[in-house]
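Subject: Structure handover

Hello,

Here is the structure I promised to pass on. Please open it first, then read the notes below.

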Amino acid sequence: MNVRNFDLVGMKMRTKSISALLLATITMAPAAVISATSYNDTIKTNFSHPISNIPGKSLVAVEVSYPPGGASAPHHHSDSAFIYAYVVSGQIASQVEGQPEHIYRAGECWYETPGAHHLISRNSSNTEPAKLLAVFVVDTEDNALTTPDHVGGSR
């Protein structure tokens with residue numbers, strides 16, 4: 001139903017009915033479904049430098065911050081990137097293709113292999129922010145650390 005098509009007569013009743021329906025839908029929907037539509041992570045490069053004793057490789061660290069209920073879009077990591085992820089604050093739900101979803105808390109870490117397909121990366125809390133530090137060992141010439149999945153499938 002398109003809100004712009006409402007007539008002014010009876011709008012108050014319809015708005016209340018729609019609001020009640022939306023509230024009921026949101027209340028019954030799983031948290032993962034709600035946050036999966038809110039791709040609102042903030043990514044900030046923390047560190048980037050060539051590794052002097054491994055020619056052609058660089059060390060890149062990025063901070064990924066999530067507001068309450070925030071998430072990253074599903075994506076692939078660079079084919080050359082080995083990743084170490086550390087939860088700085090909050091709780092992060094993460095799932096790489098072929099592995100179960102896991103919730104990591106502040107102080108916990110995991111790794112991802114080159115070319116990993118990241119299906120889920122989100123803040124598991126709808127009330128508190130979360131932040132992780134992702135450290136990449138990557139080919140120096142790689143320009144994209146992650147590539148978002150295309151609509152209707154992966155890359």
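A salt bridge here is a side-chain nitrogen of Lys or Arg within 4 Å of a carboxyl oxygen of Asp or Glu. Keep that in mind for the pairs below.

First, the ground rules. This is a predicted model, where local features need pLDDT of at least 70, side-chain atom pairs count only at pLDDT 80 or more, and totals for chains, interfaces and linings use all residues. Residues are numbered from 1 along each chain as its sequence is written, and side-chain values use heavy atoms, with hydrogens and water left out.

**The chain overall**

The chain has two helices and 10 strands. Both terms refer to DSSP runs, numbered from the N terminus: helices are H or I with at least four residues, strands are E with at least two. The order from the N terminus is α-α-β-β-β-β-β-β-β-β-β-β.

Of the 155 residues, 30% are buried. Buried means under 20% relative accessible area, exposed means over 50%, and partly exposed lies in between (1.4 Å probe, protein chains only).

Now contacts, meaning heavy atoms within 4.5 Å. Among those between residues at least 6 apart in sequence, 68% join residues at least 24 apart.

**The salt bridges**

How many salt bridges does a search of the whole structure find? It finds three.

Glu101 pairs with Arg122, with the closest N and O atoms 2.8 Å apart. Glu101 sits in the loop between β5 (91-96) and β6 (102-105), and Arg122 in strand β8 (residues 117-123), so the bridge ties together parts 21 residues apart in sequence. Arg122 is buried at 11% relative accessibility. Glu101 is partly exposed at 35%.

Asp139 pairs with Lys57, and here the closest N and O atoms are 2.7 Å apart. Asp139 belongs to strand β9 (residues 130-139) and Lys57 to strand β2 (residues 57-66), so this pair ties together parts 82 residues apart in sequence. Both partners are partly exposed: Asp139 at 22% and Lys57 at 23%.

Glu63 pairs with Lys131, the closest N and O atoms being 3.7 Å apart. This pair also links distant parts of the chain, with Glu63 in strand β2 and Lys131 in strand β9, 68 residues apart. Glu63 is buried at 17% relative accessibility, whereas Lys131 is partly exposed at 27%.

Over to you.

Best wishes
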